[in-house]
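Q: I would like to learn how to read a protein structure feature by feature. May we work through an example together?

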Amino acid sequence: MDANLFALAIAGVVTVNVQRKLKRRGTRCFWVHSILRKRKQRGEYHGLVRELRLDGVLFEQYFRMSPDTFDELLGRVGPLITRADSMMRKAIGPAQRLAICLRYLATGDSFRTIAFSYRVGHSTVAGIVQDVASAIWEALVEDTMPVPKKEDWRAIADQFYARWNFPNCLGAIDGKHVLLQAPANSGSLFFNYKSSYSLVLLAVVDANYLFRVVDVGGYGRTSDGGTLRNSAFGESLRDGTLDLPPDAAIPGAEHRGPLPCVFVGDEAFPLTTNLLRPYPGHHIPPERGAFNYRLSRARLVVECAFGILSARWRMYRRVIATSPKVAEACVLATCVLHNFLRKKMLEGQI
């Protein structure tokens, strides 16, 4: 073998060995990998996403929203997620940051998979998802999920009676377990009755499948009733500070006088003045069976809302391999995005 070729071969082996040692030590081998430098030429955002804008149906399948809705969302969130260029490199633009976050929420793919597709670093995707999800919540929560006032509760009750034939109903309440990869040093806090790890999304839903109140972060081991008891909503419900409408007579039972306005839940919740649950047991009188039927029919709206949420944002159909803090931010972001898109559909805009 030629001496020059032998020297080059030895140098290549040494370089590979050095890179392996640096990786084991956690030391950066490249400032920017050569593959990532081709982001604007071969990255998914600068290629596929731009082509998808020519077909609204495919774009909506990819991002779970139309191009116009994406642009409107970008207008609201963009100022919160824009980053300045540094002396070393240009920042990733707000549109691409939003695209990365929405793609994660829509698919639940691993950060590394999305990093390869968009040709950005794995840690960059992790930071973008957390930052953008928090920004989506901050930008949309006041418009899409404001704190209900007395007149809002009354309007919800009227809608429940008109659509689901259940009077004085302020909303359906239930909890959803969001699967997590077992958090480090958490013991059995997140271990639920289904033998998996999760955090709990507690939600109150109105007659149009809109989330009115959400509480995220309950431990998976806690029951729905315990999660309600530990939540800010549950505390306000006990203290009487929710600004609920006054008692009112229900149609066909005026002789019973004014009755309180209530939330409806399943057997996991306690029976209180403003919270109804079904009668227990299987062999019950017909009138109690009719009551259970009406209550369950009204309560199903929260189950349907969870179904719509998980069908659109497929991260709910996978085990979320992030910290509980990032998972909470993503769950909150999908809830306000659900309301954002649902309101547009009810208004006939989509």
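The dialogue below takes up helices, their packing, and some individual residues.

Q: What should I know about the model before reading it?
A: This is a predicted model, in which local features need pLDDT of at least 70, side-chain atom pairs count only at pLDDT 80 or more, and totals for chains, interfaces and linings use all residues. Residues are numbered from 1 along each chain as its sequence is written, and side-chain values use heavy atoms, with hydrogens and water left out.

Q: How far does helix α6 reach from its first C-alpha to its last?
A: Helices (H or I, at least four residues) and strands (E, at least two) are DSSP runs, numbered from the N terminus. The expected span of a helix is 1.5 Å times one less than its number of residues. Helix α6, residues 94-107, has 14 residues and reaches 20 Å, close to the 20 Å expected. After α6 comes Gly-108, with a positive phi near 75°.

Q: How many residues of α6 are buried?
A: A residue is buried under 20% relative accessible area, exposed over 50%, and partly exposed in between (1.4 Å probe, protein chains only). In α6, 13 of the 14 residues are buried, so the helix is largely enclosed by the rest of the structure.

Q: How are two packed helices described?
A: The description uses the angle between their axes and the distance between the axes. Axes are lines fitted to C-alpha atoms, for helices over the stretch in contact, and angles run from 0 to 180 degrees between N-to-C directions. Angles under 35 degrees count as roughly parallel, over 145 as roughly antiparallel, 65 to 115 as roughly perpendicular and the rest as oblique. Helices α12 (residues 286-312) and α13 (residues 324-346) have axes that come within 11 Å and cross at roughly 100°; they are therefore roughly perpendicular to each other.

Q: Which residues of α12 and α13 meet?
A: Contact means heavy atoms within 4.5 Å. Ala-305, Ile-308, Leu-309 and Arg-312 of α12 meet Thr-334, Cys-335, His-338, Leu-341 and Arg-342 of α13. These residues divide into five nonpolar, two polar and two charged. Here Ala, Val, Leu, Ile, Met, Phe, Trp, Tyr, Cys and Pro count as nonpolar, Asp, Glu, Lys and Arg as charged, and the others, Gly among them, as polar.

Q: At what angle do α3 and α4 pack?
A: Helix α3 (residues 45-52) and α4 pack at about 130°, with their axes 7 Å apart, and are therefore oblique to each other. Leu-48, Val-49 and Leu-52 of α3 make the contact with Gly-56, Leu-58, Phe-59, Tyr-62 and Phe-63 of α4. This group divides into seven nonpolar, one polar and no charged. Gly-56, in α4 (residues 56-63), is partly exposed, with a relative accessible area of 36%.

Q: Is His-177 buried or exposed?
A: His-177, found in strand β1 (residues 169-179), counts as buried at 18% relative accessibility. A polar contact is a pair of N or O atoms within 3.5 Å; within protein, one must be able to donate a hydrogen and the other to accept it, and residues adjacent in sequence count only if both atoms are side-chain atoms. The side chain of His-177 makes such a contact with that of Ser-198, at 2.8 Å.
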